[in-house]
Amino acid sequence: MAISSKTIRYGVITIGFLGILFFAAIFAFILYKSKKDISNEEPYVSFLNKPHQLKTVSTLRWHKDNLRFSHYSLEVNDDSNYNNEDVKSVKQYQPGDVITFHAAKSYFSNHVGESYYLIGRDTLEAGEVVEFQYYYTPNALPFD
């Protein structure tokens, strides 16, 4: 039995379709991400809703492209004053200033892995109340 051109055409279409599905599955795997609230888990619950004094100079910064939990993040050991369209320093903290975190969240992606954030809230000089994220590193906490 000879292979007809119709059989070859269906074979090429099938291989092409399976190839597209394969690359779509790899692309979806790489782009997968999840966010979840871990506020009730240890050790994060011990940091929440309690005032913490900062040990070092820190900056509350707005990032145009920071979309994990907030456009604002707490940058420790940093007193720079950025003011451009992508990054702005919106508040400076000195050692002894108090911050309070009200939530803890985790972020997972196959590309980066899992990371943990404490979520705080503060009022800017203009009166705007903003939520900010702090990348949680257990052995390098910037507060007492």
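User: What residue does Glu131 form a salt bridge with?
Analyst: Quick heads-up: this is a predicted model, where local features need pLDDT of at least 70, side-chain atom pairs count only at pLDDT 80 or more, and totals for chains, interfaces and linings use all residues. Residues are numbered from 1 along each chain as its sequence is written, and side-chain values use heavy atoms, leaving out hydrogens and water. A salt bridge here puts a side-chain nitrogen of Lys or Arg within 4 Å of a carboxyl oxygen of Asp or Glu. For Glu131, the closest N and O atoms are 3.0 Å apart, and the partner is Arg121.

User: How many residues apart in sequence are the parts that this pair ties together?
Analyst: Strands are DSSP runs of E, at least two residues long, and helices are runs of H or I, at least four long, both numbered from the N terminus. Glu131 sits in strand 8 and Arg121 in strand 7, so the parts they tie together have a sequence separation of ten residues.

User: Which residue forms a salt bridge with Asp86?
Analyst: A search of the whole structure finds three salt bridges. Asp86 lies in the loop between strand 4 and strand 5, and its partner in the loop between strand 3 and strand 4, so the bridge ties together parts 22 residues apart in sequence. With 3.5 Å between the closest N and O atoms, the partner of Asp86 is Lys64.

User: Which residues is Glu85 in contact with, leaving aside neighbours within four places in sequence?
Analyst: Glu85 is in the loop between strand 4 and strand 5, and at 64% relative accessible area that residue is exposed. Contact means heavy atoms within 4.5 Å. On that basis, Glu85 touches Trp62 and Lys64.

User: What kind of aromatic pair do Tyr44 and Tyr116 make?
Analyst: Rings of Phe, Tyr and Trp (its six-membered ring) pair if their centres lie within 6.5 Å; planes under 30 degrees apart are stacked, over 60 edge-to-face, and the rest tilted. Phe22 and Phe23, for instance, sit 5.5 Å centre to centre with 75 degrees between the planes, an edge-to-face pair. Tyr44 and Tyr116 have centres 5.6 Å apart and planes at 25 degrees, so their pair is stacked.

User: What sequence separation lies between Phe108 and Lys36, and how far apart are their C-alpha atoms?
Analyst: Phe108 lies in strand 6 and, at 28% relative accessibility, counts as partly exposed. Along the chain, Phe108 and Lys36 are 72 residues apart, while their C-alpha atoms are separated by 8.7 Å.

Note on methods. Buried < 20%, exposed > 50% of the residue type's maximum accessible area, 1.4 Å probe, protein only.
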